[in-house]
Amino acid sequence: MTNPEAAQPARCPVDHGAAATSTTIPATALPGSKKHAIVQLFNYWTRPQPFIEECRKEYGPRFQVSIRLPPRPVYVLTTPEDVKAMFTAPADVLHTGNGSATIEKYTGQSGLAWLDEDAHKARRKAMMPSYHGAALERIAESITTMAKEGVATWPRGTAVELHSYIHSFTMHVIREVLYGPQAPTGWDRLHGLLLEMMKFNNGPVSPMLLHKMPSRLVKLLRLIRPLGLERFLKLRDQADALTYATIRERRASDYRGDDLLSELLETTHPDGRPLTDREIRDELATIFLAGTETTAAAIAWAFVYLARDRAVTDRLREEMARGEDAYLTAVVHEVLRLRPSIPNIIVREVKKPIEIGGVRYEPGQHLWASAFLLNRDPAHYEDPDVFRPERFLDTKPGTYSWIPFGGGRIRCLGDRIALLEMKAMIREVLGQCDLHVSDPAPQRARSRIVVNVPEDFARIELRNRVAVVEGVRG
């Protein structure tokens, strides 16, 4: 006879309703799949959101997964209370630097993404002016112009993958952030190389930690042409050469503005040494990747939803005609709730023991906050899987229950810019075009290095809108 208790799925061993005096358990006692890391990694890559949802359903709000090679557990946090504890932990307790290992092939290891504690704080402070104040006003103006001009050139009358066009737009916006109004001489060439290089992110080997692999293995993988590694590395070399050229060009000029490159050229280490060209290159490369992939994914998801919801689209156009944007803001918040670009935010490595929600995490262990699961928690959002922008009309997103930009000391520097880009793109596309899709079903997600994009890359047909002039009949 079957034991009814044995038939129940494994649950989180922490009693979330128990008093604060409950016995603390070690993180290693948290439940999780016993499947090999390769199997888990494959499932996460091919079915990123169903995989993580199934884990929470089977194991509860705290669980472990193993999606890295060599196999190593990552402890997933999915409640606002746990996320708050992680975001507010002291800088010397949780580090984020090693959490960027997946994108090291782009970023190198000397930029903000790899720094912690005082070094991170100092570099972030040095970069901050390029994202706020007068710089933000300048960037906002350029975003409006780029969106208008860009959308006007997009194909009409045939279904196309909008993601590639959106990615090109976000790359131009990042040029404004990094270089200001004076684009470098080789920008057009660099722009094309970066977009071509980042196509590597669509492949299943893009998360490889190349810097941790033996050189012989990397050479072998380069010979397997279908993997795309050989092409990626060649394109990266070319992009690096052009990036270094932009740094030399700016160093040799008298121009200094509020753009990021100008700020970095004036930044020094605590001992007074200026940043090296390599350090500046790493910062620029980080923003080329992180500042474009994430926003492009979010905008693509916005059109996936808007193309399938005429009522929301009509309401947006009515609001646009009045010159308002409250509903547009709610739409953007709802898209980011349902489809956070980075569904599981940067891993934190435990440096000193920390207890979160009755679980003790030890040095060397990794914590992973799931924005996707948190943003879809039915305890905080009614009908969490439904696209319903109205939920944000009179409610601001919660600091620890809506985390598409991460949080704490390393919250995304460019969050305001991303919101401006999303709004500008939605205004221009809905103002110029009607959206048509052949498949009314919601799109599944697919992995693209650390972000999730629509499985069909937002394949949508744009049709020019027919202007209706009052008092005129056709």
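1. Helix α12 is mostly covered, with 27 of its 30 residues buried. From first C-alpha to last, α12 reaches 43 Å, close to the 44 Å expected at 1.5 Å a residue. Note that this is a predicted model.

2. Glutamate 293 sits in α12, which covers residues 277-306. Its relative accessibility is 2%, so glutamate 293 counts as buried. Beyond residues up to four places away in sequence, glutamate 293 touches His163, His167, Met198, Asn201, Arg448 and Val451.

3. Glutamate 293 forms a salt bridge with arginine 448, with the closest N and O atoms 2.7 Å apart. Glutamate 293 is in helix α12 and arginine 448 in strand β11 (residues 445-448), so the pair ties together parts 155 residues apart in sequence. Both partners, glutamate 293 and arginine 448, are buried.

4. Aspartate 325 pairs with lysine 423 in another salt bridge, at 3.2 Å between the closest N and O atoms. Aspartate 325 lies in the loop between α13 (310-321) and α14 (326-338), and lysine 423 in helix α16 (residues 415-432), so this pair ties together parts 98 residues apart in sequence. Aspartate 325 is partly exposed at 31% relative accessible area. Lysine 423 is buried at 15%.

5. Aspartate 271 and arginine 273 also form a salt bridge, with closest N and O atoms 2.7 Å apart. Aspartate 271 is exposed, at 55% relative accessible area. Arginine 273 is partly exposed, at 43%.

6. On the surface, Leu217, Leu220, Leu223 and Ile224 form a nonpolar patch, with about 370 Å² of accessible area together. Leucine 217 belongs to helix α9 (residues 215-223). Leucine 217 is partly exposed, with a relative accessible area of 34%.

How values were computed: Residues are numbered from 1 along each chain as its sequence is written. This is a predicted model: local features need pLDDT of at least 70, side-chain atom pairs count only at pLDDT 80 or more; totals for chains, interfaces and linings use all residues. Side-chain values use heavy atoms; hydrogens and water are left out. Helices (H or I, at least four residues) and strands (E, at least two) are DSSP runs, numbered from the N terminus. Buried means under 20% relative accessible area, exposed over 50%, partly exposed in between (1.4 Å probe, protein chains only). Contact means heavy atoms within 4.5 Å. Patches are made of residues with over 30% relative accessible area and no salt bridge: like charges are joined within 9 Å, nonpolar side chains (Val, Leu, Ile, Met, Phe, Trp, Tyr) within 5 Å. Accessible areas come from the Shrake-Rupley method with a 1.4 Å probe; for residues, only the protein chains shown count as cover. A salt bridge is a side-chain nitrogen of Lys or Arg within 4 Å of a carboxyl oxygen of Asp or Glu. The expected span of a helix is 1.5 Å times one less than its number of residues.
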